[in-house]
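The structure under discussion is shown below.

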Amino acid sequence: MTNREVAIILDRIADILQIKNENPFKIQTYRKAANSIYHLDEDINTLKEANRIKEIPGVGKAVKAKIEEMIEKGRCEYYERLTDEVPAGVLEMLSLPGIGHKTVKTIYEQLGIDNLDDLLQAAEERKIRNLPGMGGKTEYNIKKGMELLRQNGGKVTLGLALPLAENFRDFLLESKAVEKASIVGSIRRGKSLVSDIDILVCSVSYLEVLQKVNSYKGLVKILENDPSCIKGLLTHHIEFEVIIVPPQDYFSSMVWTTGSKAHRQILFEDIRYSPLLEINNENDFYNHLGMDYIPPELRENCGEIELAAAHKLSPLLSIEDIKGDLHIHSNWSDGAHEIKEMAAAAKSLNYSYIAITDHSKSLAISGGLNEERIRTQQLVIDKLNEEEEDFQILRGSEVDILKDGSLDYDDELLKGLDVVIASVHSNFKLDKEKQSERIMQAAKNKHVDIIAHLTGRLLNRRSAYELDLDRILETAAKNNTILEINAHPDRLDIDENIARQAKEMGIKMAVNSDAHHKQDLGLMRYGVTSARRGWLAPEDVVNTWEKEALFNYLRE
DNA sequence: GCCGTTTTCGGCCCGACTGTTTTCAGTCG
């Protein structure tokens with residue numbers, strides 16, 4: 001079992017206990033353990049072999065026994081007993097915004113509803129409003145939530161699919177029969193939500209590839225197969241396709257299987273009149289058509305083909321361009337590590353600066369810092385900086401934008417910070433006008449440098465709030481406010497379309513990890529991918545800049 | 001269920017908003 005799979009089961013146990021109205025602290029324990037394991041640096045199987053499970057923070061005797069059982073037997077009896085009481089379909093209802101554990105419990109117990117489809121039907125038939133504590137709004141939340149889920153049609157986030165795809169690809173490459181293998185399809189284009197994993201395999205032996213696929217531990221079942229393609233299902237309910245081609249077709253197939261339908265149709269229409277001879281990479285393919293190479297993230301037929309033909313595609317941001325991370329939490333608020341540890345992790349990525357941006361006082365549950373604490377934190381950072389030579393920690397804050405658009409600290413305090421990130425963490429349901437005004441007011445504050453996760457969307461969980469984006473972007477442009485591309489794969493906020501629009505308006509952006517754990521610094525790559533889909537160049541992104549240039553910009 | 005101790009139990013988990021209520025339970029960050 002992988003770390004992720006163990007963490008998911010512990011989290012589901014917590015969900016079921018919550019529905020069963022168990023001791024909140026017990027529930028918290030399971031959540032904490034799940035979170036620890038999710039963020040573990042080491043493989044849980046290796047830890048078990050070394051008898052070190054107990055070292056995981058938040059794991060005691062009882063949880064340790066369950067983890068060991070999962071690793072040894074691939075199952076957990078306690079969890080199975082719980083799922084008998086509360087079926088998986090009931091847990092799925094929790095993904096609907098505004099529908100929590102108590103509501104789900106009542107619906108399950110009183111109406112016997114144990115899946116999303118029946119729930120939607122009950123809402124449409126107005127049966128939910130008769131239940132205690134529920135009304136028309138609850139039914140509206142259910143219908144609205146189902147709309148969001150259906151919209152994405154069972155797609156999963158890139159953050160879930162990409163690591164699985166990489167693992168699967170690397171496994172296939174172990175086979176002698178597999179000469180080359182690449183992730184293709186929408187994952188390679190870097191879409192934030194994807195429907196399946198596509199792997200292109202170069203091989204002359206279909207049977208050996210099939211055998212290899214069959215021995216993959218993440219395989220649930222093979223759905224169909226023929227000599228050119230193996231389709232099946234992996235864990236986490238993700239479908240896959242392994243497309244098998246001979247060596248001479250490999251690179252043209254990469255182009256074919258990576259591009260969106262619209263992109264590839266145009267290219268291959270051209271190829272019909274201009275037969276391919278020998279090509280050794282994708283670059284050759286595009287050159288053969290008289291075009292420059294088109295990066296996978298752009299292959300959507302959004303103007304890239306014309307520009308590539310005119311040799312006018314500009315270079316895109318790449319992960320190597322990133323020189324620092326401007327949105328990082330420490331254990332002063334809800335982060336897992338000390339400032340020093342986050343700095344060390346950032347240095348190992350060759351960053352030359354980071355900003356520590358813990359939450360402000362209103363976000364009490366996240367341990368938001370009051371004025372006294374943040375002032376103390378600044379002194380601590382100053383002290384740490386004295387020991388640094390080619391690295392600098394910026395004194396920052398992720399300050400809450402309050403309901404009325406004012407900020408959670410006064411101007412005097414904000415003035416003393418190196419980086420001020422402003423963001424919304426409450427009152428998501430204000431109307432468009434009020435919500436937009438609120439954010440614009442923050443963007444206009446001369447001490448605010450960056451607006452973080454502007455639209456508040458959580459992929460597959462919560463829609464963006466109602467916003468007048470045009471007016472907000474105008475305000476940002478006018479006030480030199482930087483917009484964040486939050487790299488967390490559940491957010492990717494702002495998205496590629498807004499980023500592209502912002503670039504055209506001359507707005508600068510920052511790609512930030514929003515790390516709460518040192519491992520989260522690695523989420524940067526998702527943000528970079530999203531920025532590339534928004535056609536951003538290195539100069540559009542302030543944390544590719546040299547330290548001095550960035551600091552000057554922030555000071556202005 | 002975990003943790004830490006003035007060590008085997010008591011503390012851990014805050015606060016605003018929302019919707020359904022008529023004083024409050026549920027949700028969420």
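Helix α13 is largely enclosed by the rest of the structure, because eight of its nine residues are buried. The model is a predicted one, and the values below are computed from it. The buried residues of α13 are Y250, F251, S252, S253, M254, V255, T257 and T258. The elements that cover them include the strands β2 (180-184), β4 (196-202) and β7 (238-245), together with the helices α11 (185-189), α14 (261-272) and α15 (282-288).

When neighbours within four places in sequence are set aside, T257 is in contact with V184, G185, L200 and I243.

K32 provides a contrasting case. This lysine lies in helix α2, residues 24-38. Its relative accessibility is 52%, so K32 counts as exposed, the cut-off being over 50%. Along the chain, K32 and A14 are 18 residues apart, and their C-alpha atoms are separated by 9.6 Å.

Helix α21 (residues 469-479) packs against helix α22 (residues 496-504) at an angle of about 45°, and their axes are 10 Å apart. The two helices are therefore oblique to each other. The crossing in which α21 passes α22 is right-handed. On the α21 side, the contact is made by L469, D470 and L473, while α22 contributes I498, Q501 and A502. Four residues of this contact are nonpolar, one is polar and one is charged. As a general point, an α-helix has 3.6 residues a turn, so residues three or four places apart point the same way.

At the level of the whole chain, the domain assignment divides chain A into domain 1 (3-152), domain 2 (156-309) and domain 3 (319-555). The C-alpha centres of domain 1 and domain 2 are 35 Å apart. Between these two domains, four residues of domain 1 are in contact with six residues of domain 2.

How values were computed:
Residues are numbered from 1 along each chain as its sequence is written. Chains are lettered from A and ligands numbered from 1 in the order in which they are written. This is a predicted model: local features need pLDDT of at least 70, side-chain atom pairs count only at pLDDT 80 or more; totals for chains, interfaces and linings use all residues. Side-chain values use heavy atoms; hydrogens and water are left out. Axes are lines fitted to C-alpha atoms, for helices over the stretch in contact, and angles run from 0 to 180 degrees between N-to-C directions. Helices (H or I, at least four residues) and strands (E, at least two) are DSSP runs, numbered from the N terminus. Angles under 35 degrees count as roughly parallel, over 145 as roughly antiparallel, 65 to 115 as roughly perpendicular and the rest as oblique. A crossing is left-handed if the near helix is turned anticlockwise from the far one by less than a right angle, and right-handed if clockwise. Contact means heavy atoms within 4.5 Å. Ala, Val, Leu, Ile, Met, Phe, Trp, Tyr, Cys and Pro count as nonpolar, Asp, Glu, Lys and Arg as charged, and the others, Gly among them, as polar. Domain bounds come from an automatic or database domain assignment. Buried means under 20% relative accessible area, exposed over 50%, partly exposed in between (1.4 Å probe, protein chains only).
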